[in-house]
Amino acid sequence: MSFKTLLTGTAIAASFAFAGMANATTIGFSQVGSEGDWRPAFSANMQESAKEYDIDLKFADAQGKQEEQLRAVRAFIAQGVDAIIVAPVVVTGWDQVLQEAKDAEIPVFLVDRDVDVQDKSLYVTRISADFNLEGKLAGAWLAAESKGTCKIVELQGTTGSAPAIERKKGFEAVIDQFPAMEIVNTQSGDFTTDGGKKVMEAFIKSTNNLDGICASFAHNDNMQLGAIQAMKEAGLKPGKDVLMISVDYVPAIKDALANGEANASVELRSAVGKYIYPVILDYLKNPSELDKWIVIPSDLHTAK
């Protein structure tokens, strides 16, 4: 693989101010979008951390649209970047564009989310938290808290996305061990506060004000925050009438935990540039086969 630089004769003549950037590694980053509170924090950290590692980061916000991600990746290929980072909107539909990057000898790294491709050599590695484990942690906490007896409403993330798929699988793997635990209603809130509020409003209506419901499991905190709003407007006491468990551990859910309106949140770290960039830079200096998944740790936080 050949390394590319931004330095040109014109740039030298124009100003020495560009000398530092001349030696910077150029990386293209295709981000899912800016839904919720966690992802903007993640994007900001990636952009700030890039400066610390002397990386010229080309950032593209896909606004939740895979077609925008495919367009961004092809633009990065055309620009001849040193590496490409993708946080995929959904897991499918990546084979062709990743093959184009491979043909151009530009390594691709997956962050946060996974892809489903036949040829795993199309990307170097995935660097992310374990979404399945996050679901298991949520399920284990709820099983203990409810003593294994609980009817649950579930607010799913974006349909087809890796976090929604894996968090659901992990959660169900745990609660399936308890005959008296079951998900009685499930619907996607697209990882947004407004989406979560609308889903919970529908659940409240369909279950006679959550009659008999023990818990709300949300695939991210923002949907749970919307659910909390809907429950309060319906005269319910989230965190007391219904146990509230979700994923991300964003600042607003920390406040909800503190005031008793949420009960637990599994942390998905947003400050992950320090985990991601060293792997990429080391690979560019010394290309070698890496594990296909480098896991970023997760933690469970409760109100107690």
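The points below are grouped by topic, after a short note on the model.

This is a predicted model, in which local features need pLDDT of at least 70 and side-chain atom pairs count only at pLDDT 80 or more, while totals for chains, interfaces and linings use all residues. Residues are numbered from 1 along each chain as its sequence is written, and side-chain values use heavy atoms, with hydrogens and water left out.

- Buried means under 20% relative accessible area, exposed over 50%, and partly exposed in between, with a 1.4 Å probe and protein chains only.
- Beyond its neighbours within four places in sequence, Ile 276 is in contact (heavy atoms within 4.5 Å) with Phe 42, Met 46, Ile 85, Val 111 and Ile 127.

**Positive phi in a loop**

- Asn 208 is not a glycine, yet has a positive phi of about 55°. Asn 208 sits in the loop between α8 (193-206) and β8 (215-218), and is exposed, at 59% relative accessible area.
- Leu 210 also has a positive phi, near 60°, and lies in the loop between α8 and β8. Leu 210 is buried, with a relative accessible area of 5%.

**Pockets**

- A pocket is an open set of points on a 1 Å grid over the protein atoms alone, where a 1.4 Å probe fits, with protein on both sides within 12 Å along at least five of seven lines; lining residues have an atom within 4 Å of a point.
- The largest pocket is lined by 16 residues, and Pro 107, Ser 121, Tyr 123, Val 124 and Tyr 283 lie nearest its centre.
- The second largest pocket is lined by 14 residues, with Asp 248, Tyr 249, Glu 267, Leu 268 and Ser 270 nearest its centre. Both α3 (38-52) and α10 (251-258) give two or more residues to the lining of the second largest pocket.

Key:
Helix = DSSP H or I, 4+ residues; strand = E, 2+ residues; numbered from the N terminus.
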